[in-house]
Amino acid sequence: MAYQTLQQEYLQIPVVTRAYTTACVLTTAAVQLEIITPFQLYFNPDLILRNYQVWRLITNFLFFGPVGFNFLFNMIFLYRYCRMLEEGSFRGRTADFVFMFLFGGFLMTIFGIFVSLVFLGQAFTIMLVYVWSRRNPNVRMNFFGLLNFQAPFLPWVLMGFSLLLGNSIIVDLLGIVVGHVYFFLEDVFPNQPGGGRWLKTPSIIKMLFETPEEDANYNPLPEERPGGFPWGEGQRLGG
């Protein structure tokens, strides 16, 4: 009975969020069980071009390090904000959400070459957080019960927290930059005088990821509490 409930809850997670978070967890489990090693996953342009190890273009986004605080922290943020985007501004637009993944991943891969990053999953998470935060500017956030701020400041707070933990802020900055590029091209520039929509989801992606009819019993994640955990709770102004 418990298994069926767990399975039902799992299948209610939107398809893109479910696929990505599952891939991240399975990749980490495979490394923990020593089935594979991080050396087989990291981003290496030479091995991709010369040895045709093209899987590295994907696997470097799936590994967040060994199981520990950093892994759990990233997984919670990845799951929550990826799901809220998919159930919020991308609801019924699965193909457009997949295209955002591809666009963001492509830019990060290009930038990653110049800043010598070997794993880009954390930067990708920050990109998702950035886009969500800019599309929900009136949400008030609470971080560890210590800081209160508006949602658009969340990526910067996370970068400061990362700095306190002794991590490089290059990863967070990359996620913020790519997130801003997407947000500007998708949400800002088309509404400017003389602007236009440069980001258009290719028809082949729309054919592959046509959104099925919604399940009448589908229960979306409530967006009015975007944090859902002590270090990132939030509520809408006036709510």
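## Talking through a predicted model

Modeller: Happy to walk you through this one: the protein has 10 helices and three strands, and the model is a predicted one.

Colleague: Thanks! In what order do the elements of the protein run from the N terminus on?

Modeller: The protein holds 10 helices and three strands. Read from the N terminus on, their order is α-α-α-α-α-α-α-β-β-α-α-α-β.

Colleague: What share of the 239 residues in the protein is buried?

Modeller: Buried here stands for under 20% relative accessible area. Of the 239 residues in the protein, the buried part makes up 45%.

Colleague: Let's look at helix 5, residues 69-87. How far apart are its end C-alpha atoms?

Modeller: Helix 5 has 19 residues, and 14 of them are buried, so the rest of the structure largely encloses this helix. At 1.5 Å a residue, helix 5 should span 27 Å, and the model agrees, because its end C-alpha atoms are separated by 27 Å.

Colleague: Now the backbone. Is glutamate 34 buried or exposed?

Modeller: Glutamate 34 sits in the loop between helix 2 (15-32) and helix 3 (45-50). Its phi is positive, about 60°, although glutamate 34 is not a glycine. Most residues other than glycine have a negative phi. With a relative accessibility of 70%, against a cut-off of over 50%, glutamate 34 counts as exposed.

Colleague: And what is the relative accessibility of serine 116?

Modeller: Serine 116 is found in the loop between helix 6 (94-115) and helix 7 (121-135). Its phi is positive too, near 55°. Serine 116 counts as exposed because its relative accessibility is 60%.

Colleague: On to the rings: which residues form one aromatic cluster?

Modeller: The count of aromatic pairs comes to 15. One aromatic cluster is formed by Tyr20, Phe61, Phe90, Phe97, Phe101 and Phe124.

Colleague: How are the rings of phenylalanine 184 and phenylalanine 189 arranged?

Modeller: A pair of aromatic rings is described by the distance of the centres and the angle of the planes. For phenylalanine 184 and phenylalanine 189, the centres lie 5.9 Å apart and the planes stand at 35°, so the pair is tilted.

Colleague: Which ring lies under the charged end of arginine 56?

Modeller: There is an arginine 18 that lies over the face of tyrosine 10, at 5.9 Å from the ring centre. For arginine 56, the charged end is 4.9 Å from the centre of the ring it sits over, that of tyrosine 42.

Colleague: Last one, on the largest pocket: which helix gives the most to its lining?

Modeller: The largest pocket holds about 540 Å³ of space. Its lining has 19 residues, with Ile58, Val98, Phe101, Leu102 and Phe124 nearest the centre. Helix 2, helix 4 (56-59) and helix 6 each supply at least two lining residues. With eight residues, the helix that gives the most is helix 6.

Methods:
Residues are numbered from 1 along each chain as its sequence is written. This is a predicted model: local features need pLDDT of at least 70, side-chain atom pairs count only at pLDDT 80 or more; totals for chains, interfaces and linings use all residues. Side-chain values use heavy atoms; hydrogens and water are left out. Helices (H or I, at least four residues) and strands (E, at least two) are DSSP runs, numbered from the N terminus. Buried means under 20% relative accessible area, exposed over 50%, partly exposed in between (1.4 Å probe, protein chains only). The expected span of a helix is 1.5 Å times one less than its number of residues. Rings of Phe, Tyr and Trp (its six-membered ring) pair if their centres lie within 6.5 Å; planes under 30 degrees apart count as stacked, over 60 as edge-to-face and the rest as tilted. A charge sits over a ring if NZ of Lys or CZ of Arg is within 6 Å of the ring centre and within 35 degrees of the ring normal. On a 1 Å grid over the protein atoms alone, a cavity is a set of points where a 1.4 Å probe fits but cannot get out, and a pocket is an open set with protein on both sides within 12 Å along at least five of seven lines; lining residues have an atom within 4 Å of a point. Grid points are joined across faces, edges and corners, and a volume is the space filled by probe spheres set on the points.
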